[in-house]
Amino acid sequence: MIDLYTWTTPNGEKPVIMLEECGVDYDLHLVDISTGEQKKSDFLAINPNGRIPALVDDGVRVFESGAILVHLAAKTGRFLPADAAARAEVLSWTFFQIGGTGPMIGQWHHFNSAAPEKIPYAIERYATESRRLLGVLDERLSANEFLAGDYSIADMINVSWARSGLNGLKARDTFPSLARWVDAIDAREPVRRALDRLKTAREALKA
Ligand SMILES: N[C@@H](CCC(=O)N[C@@H](CS)C(=O)NCC(=O)O)C(=O)O
């Protein structure tokens, strides 16, 4: 059995999308990061870094969204090709997300909307780098339907932060190929199911 520990944020969406795409059964556990549940000892036993998402698969714990998607791809044999060159391309775009759009757009959101003090230098620095990264994705998608050959974990892991960056920076018109790709992935039935399942679980917490 798979237990997924996550929250309704871009990093939290990624494994839910992959699980729904694979049609694998899982129990969804929301970890409310606004109240610090991710720093409690029972969660730290699953992810010592105290961040969502994390997953336990028949006693095997996996943390970091990239590791989770690679684990699920290995388990199901889906969305990560075996051919060395195709696999390298998928993993490259997958880890581009982990080291690039996630931290940069995340910091931009923080300095732009959450920081107690407005620091123009920080806001501009992260906005510029976020736009640059969105531009890299846009350029790639101007000549390709998906990021790395067929639809893969590279698309699943990139879509949430790309959507968040395009909306937050009001950049859909600047990056039309990226906007087209985000809309196409968001329209996929398993992706809609994933986002709906998260939304419903979050609403149930409030009830
Ligand atoms: N590189 C990590 C990033 C995880 C991450 O930053 N998660 C955020 C939510 S989107 C979190 O748990 N924040 C709570 C905290 O920092 O205490 C991954 O991809 O899994």
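Predicted model: local features only at pLDDT ≥ 70, side-chain atom pairs only at ≥ 80, totals over all residues.
Is F79 buried or exposed? Keep that one in mind; I'll come back to it in a minute.

Okay, hi everyone. Let's begin with the overall layout. The protein has 8 helices along with 4 strands. If you walk along the sequence, the order goes β-α-β-α-β-β-α-α-α-α-α-α.

Next, the overall dimensions. The C-alpha atoms fill a box of roughly 45 × 45 × 30 Å, along the principal axes. For 207 residues, you'd expect a compact globule to have a radius of gyration near 17 Å, and the protein has 17 Å, so the two agree.

What about the inside? Of the 207 residues, 47% are buried. And if you take contacts with a separation of 6 or more, 64% of them are between residues 24 or more positions apart.

The protein exposes about 10100 Å², and 52% of that comes from carbon and sulfur atoms. As for charges, there are 24 positive and 28 negative ones, and their mean positions sit 4 Å apart.

Let's zoom in on a few residues. T94 is in helix 4, which covers residues 84-114. Its relative accessibility is 0%, so T94 counts as buried; the cut-off for that is under 20%. Which residues does T94 touch, leaving aside those up to four places away in sequence? They are I153, A154 and I157.

Here's some background for the next part. Most residues other than glycine have a negative phi, and most peptide bonds are trans.

Start with P53, in the loop between helix 2 (41-44) and strand 3 (54-57). The peptide bond from I52 to P53 is cis, with omega near 5°.

Then there's E64, in the loop between strand 4 (60-63) and helix 3 (65-76). E64 isn't a glycine, yet its phi is positive, near 80°. With 38% relative accessibility, E64 counts as partly exposed.

And that brings us back to F79, which lies in the loop between helix 3 and helix 4. F79 isn't a glycine either, and its phi is positive too, about 70°. So, buried or exposed? F79 is buried: its relative accessible area is 14%, and the cut-off is under 20%.

Notes: Residues numbered from 1 in each chain as written. Heavy atoms only, no water. Helix = DSSP H or I, 4+ residues; strand = E, 2+ residues; numbered from the N terminus. Rg over C-alpha atoms; globule rule 2.2 N^0.38 Å. Buried < 20%, exposed > 50% of the residue type's maximum accessible area, 1.4 Å probe, protein only. Contact = heavy atoms within 4.5 Å. Areas by Shrake-Rupley, 256 points an atom, 1.4 Å probe, with all protein chains shown as cover. Lys, Arg positive; Asp, Glu negative; His and termini not counted. Charge placed at Lys NZ, Arg CZ, Asp CG, Glu CD.
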